[in-house]
2 protein chains.
Amino acid sequence: MRSTRAPALSATELAVLEGVMWSHGPSRDALCSHLNSSKTRANALVAGLIEQGWLDEIGPRASSGGRRAETLQLHRGLGVLLGVDLGATGVDIAVLGTDLQVLARHAEPVDVREGPGVVFTLIRTLMRRLLAQLKLKPRDVLAIGIGVPGPVDFESGQLVEPPLMPLWDRYSIRDDLRAEYEAPVWVDNDVNLMALGELWRLKRTLPNFLVIKIGTGIGCGIVCHGEVYRGANGSAGDVGHICVDPAGPRCRCGNLGCVEAMAAGPAIARLGQEAAQAGESEWLARTLAERGGELTPEDVGNASRHGDAAANAIVQRSGALVGQMLASVVNFFNPSHVFIGGGVTGIGPLFLASLRQSVYQRSLALSTRHLEIVLSPLGENAGVIGAGVLALQEVLRLSVSSRRERVAA
Amino acid sequence: MRSTRAPALSATELAVLEGVMWSHGPSRDALCSHLNSSKTRANALVAGLIEQGWLDEIGPRASSGGRRAETLQLHRGLGVLLGVDLGATGVDIAVLGTDLQVLARHAEPVDVREGPGVVFTLIRTLMRRLLAQLKLKPRDVLAIGIGVPGPVDFESGQLVEPPLMPLWDRYSIRDDLRAEYEAPVWVDNDVNLMALGELWRLKRTLPNFLVIKIGTGIGCGIVCHGEVYRGANGSAGDVGHICVDPAGPRCRCGNLGCVEAMAAGPAIARLGQEAAQAGESEWLARTLAERGGELTPEDVGNASRHGDAAANAIVQRSGALVGQMLASVVNFFNPSHVFIGGGVTGIGPLFLASLRQSVYQRSLALSTRHLEIVLSPLGENAGVIGAGVLALQEVLRLSVSSRRERVAA
């Protein structure tokens, strides 16, 4: 980060700033108990950090009663965060404050198969436009976090053989942004960032949960022991190719009956088209004609919400298959919560109902006794907020390493 | 622990003793680098712990060259550990030193379905016999660790609705042993303890791996972020009821096609009997007659090792089905290593070969690029060593809490 602006941090100071971030702007008392520290020691640290320009103490916030407390926030002058959530068919970009509140946000369709050149030209344009809207410049950006729909090598920030986006293999997103932004850039898998966003929303109170994203593909973000878990090669949570029917259709990965090939967005659209063409649904046939021969998963969802029986069957089958995959994962991982997100969740309540039924039927009683399966509370914002959390967390850590280097030098 | 003998510990002292345990008796230099501490500080801590009777510094150990270093060990006078590994059809008991070396060990068949009364009468007798063999008394026992083949509530040390052992629900193993031993008792799932044993063998150098046990049931121990992961309700790793064939036979859990019902020990024995009765194998038919109408999985393994085609097919099918389940788990968890243990691994090399082939074929390339699937290096000792590690780790932690209580009182 811009070492010219804020001085480097000690490990203890980092813990204070991370405490402020994870507690969503705590009072001094709340911070003390979060850090398990004495008041005197915490006050001294806080005073130092305010003086160095890392922290602000802001006026009493609206409270539901009792004495109002002043709260601690990361200093606004540190800059803003850019959070990008790139999916297979669209991109969400947000400017966030250091309190992780979304200050401006824009979503736009884009096909990642067009390759990184096209996609990042668009992303850079949208970033510029959002910053201008807030009267900010690229140098006001403290750090950038980017989620992408494929496996990422976290250290280099590059995609590694992403099945949905072949042109992106080993593409350096960091180099792409370096010409325009001094701010450091971190890249992670989109579902890992949704999980990080939910972990922040929960103030880290749930140590073990999953986030499932169902869109063009199916992926899973894993929180284990209170941290996002990426696996030995960064491919943990790659659940789209779990087999749900050994006699199922062939997937583009080469195997038979992968849940992604049978239940994600493209499968729902394809089944909708087949139902329309087979004369099983007047509604879908009419939509197909209007759309000029191609349906989207949203079209099937729309038909289902209007009570179309063929569309209902497709939505239920998709939910049940995802639930069957999830039952295996729940038996293995025994999470307390599963948060469901991604475009396909918008196809209607029957999807979630079938998914739940399938999990509760197929998982062991002990694993599901207290299991909650709900739609992702952050919804469409989970990805950009997670990207902001990643960027803020890593830029704070970087400020400790730069101090270490300086001490060593 | 016996606060009468060794004084209570501070959190820093605990970190030193845990460092000694996980590093398998390190030199002072190795301990410093493990603790990331200065020599002066580490020396002062070590001197204090030697004086308090927690640590010994023992003579130069055999080395492959260079200067021989003195090594630190937990004080022998603290006592010994009892490690018990209870499986569905047998029990292993070991007396271990505080360096986690096995001093005496005994294995005996027992059927857990006979209930806790019968089983623990046997376990207490075997414990007494092993201690007598080493000329030790119950009061020489520092702590006891016990692995059981079912889900455990870790805090209370009780089994919770264990499917293989219905008579054991909520049975208090702690109360059972209290009459004879002052030493504290910890209970965990058997596969979690195998994972803890391997984690100790590896000196905690691998942060993310799995241990699969295939015997009467199929279970999985999970190490995540360098710690054993038990899940939200302690049932993580319950992979035996993952579905591998939606059209498969009904399992005792009520669902169809669970991997345990199709591939664990009882299924192998049943398929062997069916092959013998259908005239598909002379070898198995002869063994069936000798055994008086019942085969064991070992009989099928023995036939397979002698080249019997029907037995080979059964062993390969079992390995392939376990591999199919494991492929889902590998896609989800992306471990660096999978260690395979349990009785069924003894049925011959075809089992592991089929299992591996099935995983590498069904998992994604990125998840398996560096994945190693090998037999558990600790083998039959993994369970008792893990039980010893659990007992030692928890008794050390308890010595910190008792100090806290004393300070508070």
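Reader: Why are helix 2 of chain A and helix 3 of chain A called roughly perpendicular to each other?

Author: Their axes, lines fitted to C-alpha atoms over the stretch in contact, with angles from 0 to 180 degrees between N-to-C directions, come within 10 Å and cross at roughly 115°. Angles of 65 to 115 degrees count as roughly perpendicular, so these two helices of chain A are roughly perpendicular to each other. This is a predicted model, in which local features need pLDDT of at least 70 and side-chain atom pairs count only at pLDDT 80 or more. Residues are numbered from 1 along each chain, and chains are lettered from A in the order in which they are written.

Reader: Which residues of helix 2 of chain A make the contact with helix 3 of chain A?

Author: Contact means heavy atoms within 4.5 Å, and helix 2 of chain A brings Arg28(A), Asp29(A), Leu31(A) and Cys32(A). From helix 3 of chain A come Lys39(A), Ala42(A), Asn43(A), Val46(A) and Ile50(A).

Reader: How many helices and strands does chain A have, and why is chain A called as compact as a globular protein of its length?

Author: Chain A has 14 helices and 14 strands, counted as DSSP runs (helices H or I, at least four residues; strands E, at least two). Its radius of gyration, 23 Å, is close to the 22 Å that the globule rule gives for 409 residues, so chain A is as compact as a globular protein of that length. The radius is taken over C-alpha atoms, and the rule is 2.2 Å times the number of residues to the power 0.38.

Methods. Heavy atoms only, no water. Parallel < 35°, antiparallel > 145°, perpendicular 65-115°, else oblique.
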